[in-house]
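Reader: I am new to reading protein models, and I would like to learn how to go through one feature by feature. Could you show me the chain first and then take my questions in turn?

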Amino acid sequence: MCGIVGILGREPVAPSLIEALKRLEYRGYDSAGLATLEQGRLTRVRASGKLRNLEEKLAASPLSGTSGIGHTRWATHGRPNETNAHPHISDKLAVVHNGIIENFRELREELAAKGHVFATETDSEVVAHLVAEQIREGAGPAAAVARALTRLKGAFALAFLFDGEADLLIGARRGAPLAAGWGEGGVYLGSDALALAPFAHTIAYLEEGDHVVLTRERVTFHDAAGHEVERRRQPLQAGSFLVDKGNFRHFMAKEIHEQPEVVGRTLSHYLDLASGTVRLPFELSFDAKKLSRVTISACGTAFYAGLIARYWIERYARLAVEIDIASEFRYREAPLPNDGLTILVSQSGETADTLAALRYAKTHGQHILSIVNVETSTIARESDTVALTLAGPEIGVASTKAFTCQLAVFACLAVALGRARGVLSEAEEKALVAELAATPGLMADALAHEARIELVARDVARASSVLYLGRGPAYPLALEGALKLKELSYIHAEGYAAGELKHGPIALIDYAMPVIVLAPPDATLEKTVSNLQEVAARGGHLILIGSRAAREAAAADLAGFVELPDIASAFAVLVYAVPVQLLAYHAAVFMGKDVDQPRNLAKSVTVE
Ligand code: G6P
């Protein structure tokens with residue numbers, strides 16, 4: 001959730017620490033801080049709020065140390081103020097932490113009884129004191145960290161810097177990602193490859209339970225049992241991690257506009273357009289004919305991609321699908337069938353609950369397939385089969401292009417499973433592939449309606465509550481539309497199955513609450529239009545996103561209409577996602593909100 005970085009450099013490291021933290025800000029931005037060794041002495045600078053506050057402080061009093069650690073925080077324990085900002089310091093060391101120390105209360109009591117004085121409300125500070133206690137008892141830094149690690153419960157990644165030790169950094173990983181890197185300017189630690197891309201030419205990921213001791217000359221990995229081990233070094237392609245906004249005001253706008261390209265790229269990875277067939281870029285680790293059930297689990301927007309996919313997998317592969325959000329699924333003790341396939345969906349590949357769901361499914365004998373955007377992520381590495389979304393780095397905290405790429409992969413998978421199970425004919429496959437192949441162009445057409453959507457968004461921005469309605473695959477898209485509005489503009493919004501309107505939410509209808517109806521031209525269009533008329537009859541504030549045919553059928557007074565091409569395809573939701581995202585984006589921009597980094601959110605949620 002938080003981002004951590006460490007550098008043993010040859011030049012002053014503060015500017016590089018800041019640069020790495022900028023690349024990690026997507027993991028949280030409640031506060032930031034760094035510590036360096038100034039003439040051998042630990043010195044730290046911290047600031048609440050965004051990284052620029054820390055930058056301002058550093059500009060006023062620069063640091064010149066050539067070794068240091070840095071942190072950008074998403075608060076779990078303790079308010080997001082400067083006192084609780086990392087690094088935390090005790091005696092002779094500083095630590096930055098990503099994750100949660102579950103047993104921090106017991107440890108804190110134990111250490112307080114030994115005379116340790118705690119300055120913060122955080123769980124992280126206990127780590128500094130625990131290591132300091134080992135040093136007090138006579139251990140050297142590496143042994144002190146190794147011993148402290150055996151006492152910690154929870155999921156975390158840590159980086160340590162020691163007073164008077166200008167050539168030493170120690171990192172540890174349990175349940176949260178951490179990589180070591182080598183570059184011309186020194187050796188590095190970072191939460192992910194993105195953070196290290198400007199500096200390192202080679203990286204190696206820590207495995208679960210590892211800790212690593214870095215000096216400028218030597219990087220030594222130790223496994224959970226403390227044994228020295230080798231970890232695979234791999235080249236880092238700096239170019240592939242370029243992060244900039246191009247000509248856009250926000251990353252989110254850029255990422256929305258990239259969708260025709262990245263969805264096209266993802267589809268071409270899974271489809272053979274020349275022959276009109278699906279061609280998966282991997283071997284299935286199971287016999288599709290023998291599959292008894294598909295279980296899908298994910299969080300947030302990725303979960304909604306799974307909900308949409310359920311319609312496709314059931315319809316095209318004739319397979320029963322069970323789906324649940326990962327934070328529930330992991331604790332439900334759900335019985336899983338023999339010959340079951342579990343699909344995990346995650347942009348980052350690091351979401352703690354999704355990873356736990358994966359591990360649950362694995363211990364219950366499921367075939368594990370993950371749909372991820374980060375090939376080197378933990379979820380990818382623990383899966384039997386990895387289906388990559390080729391969305392490129394997604395920086396906007398609210399997921400957009402990763403979502404539509406997840407849908408693209410799911411669509412291809414549903415058709416591939418249908419073929420492999422013998423329930424889809426060659427002709428049906430061809431027709432579905434043609435529909436998919438047309439999607440990127442239609443998404444580009446939808447983007448061309450941006451000015452119209454912006455006007456509708458201004459209307460929506462005046463509301464304090466919004467209802468989103470849809471049927472079939474457009475129902476989960478309505479849930480996603482409501483989520484996008486909530487997270488970006490802080491307007492309360494709810495997604496509902498259009499058919500469920502009369503079972504409650506219809507009581508809410510008045511002109512103050514916009515009702516956004518997603519009406520793709522599928523078999524349920526008529527029913528959706530009836531629901532729309534139920535809203536109109538009660539003086540509702542109607543906004544329709546649909547084709548001209550839907551507009552004509554609606555025959556009602558509309559406060560807004562976004563016309564989309566006439567797409568007779570179950571995959572139309574990929575196209576409908578575009579106005580849904582743009583609507584939330586423009587409402588938030590109009591309201592002056594921070595669209596790339598909405599309050600309280602984080603892009604990668606590596607805590608429960
Ligand atoms: C956070 C992000 C969402 C994302 C969810 C799941 O809540 O803000 O945009 O959908 O995590 O993340 P994942 O990386 O697993 O897709």
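Reader: Which polar side-chain atom lies 2.5 Å from an oxygen atom of the ligand?

Author: A polar contact is a pair of N or O atoms within 3.5 Å; within protein, one must be able to donate a hydrogen and the other to accept it, and residues adjacent in sequence count only if both atoms are side-chain atoms. Here the side-chain atom belongs to T351, and it lies 2.5 Å from an oxygen atom of the ligand. Before we go on, please keep in mind that this is a predicted model, in which local features need pLDDT of at least 70 and side-chain atom pairs count only at pLDDT 80 or more, while totals for chains, interfaces and linings use all residues. Residues are numbered from 1 along each chain as its sequence is written, and side-chain values use heavy atoms, with hydrogens and water left out.

Reader: Which backbone atoms lie by oxygen atoms of the ligand?

Author: A polar backbone atom of T301 is 3.0 Å from an oxygen atom of the ligand, and a backbone N or O atom of Q347 lies 2.7 Å from an oxygen atom of the ligand. Taken alone the ligand exposes 390 Å², of which the protein buries 89%; such accessible areas come from the Shrake-Rupley method with a 1.4 Å probe, and for residues only the protein chains shown count as cover.

Reader: How many residues surround the ligand, and where does the largest share of the shell come from?

Author: A residue is near a molecule or strand if one of its heavy atoms lies within 4 Å of it. In this model 13 residues surround the ligand, and the closest are T301, S346, Q347, S348 and T351. The largest share of the shell, three residues, comes from helix α9, which covers residues 300-317. Helices (H or I, at least four residues) and strands (E, at least two) are DSSP runs, numbered from the N terminus.

Reader: How should I read the length of a helix such as α19?

Author: The expected span of a helix is 1.5 Å times one less than its number of residues. Helix α19, residues 572-590, has 19 residues and reaches 28 Å from its first C-alpha to its last, which is close to the 27 Å expected. Following α19 comes G592, whose phi is positive, near 75 degrees.

Reader: Why is α19 described as largely enclosed by the rest of the structure?

Author: Buried means under 20% relative accessible area, exposed means over 50%, and partly exposed is in between (1.4 Å probe, protein chains only). Because 18 of the 19 residues of α19 are buried, this helix is largely enclosed by the rest of the structure.

Reader: Which residues have a positive phi although they are not glycines, and are they buried or exposed?

Author: R318 has a positive phi of about 50 degrees, and its place is in the loop between α9 and β19. A555, with phi near 40 degrees, is found in the loop between α18 and β27. R318 is exposed, with a relative accessible area of 56%, and A555 is exposed too, at 65%.

Reader: How many aromatic pairs does the structure hold?

Author: Rings of Phe, Tyr and Trp (its six-membered ring) pair if their centres lie within 6.5 Å; planes under 30 degrees apart count as stacked, over 60 as edge-to-face and the rest as tilted. The structure holds seven such pairs, and one of them, formed by Y188 and F199, is stacked, at 5.5 Å centre to centre with 15 degrees between the planes. Y188 lies in strand β10 and F199 in the loop between α6 and β11, so the pair ties together parts that are 11 residues apart in sequence. Y188 is buried, with a relative accessible area of 5%, and F199 is buried at 14%. The rings of F303 and Y304 have their centres 5.8 Å apart and their planes at 50 degrees, so this pair is tilted.

Reader: Where does the charged end of R233 sit?

Author: A charge sits over a ring if NZ of Lys or CZ of Arg is within 6 Å of the ring centre and within 35 degrees of the ring normal. The charged end of R233 sits over the ring of W182, 3.7 Å from its centre, and K50 lies over the face of Y29, at 5.3 Å from the ring centre.
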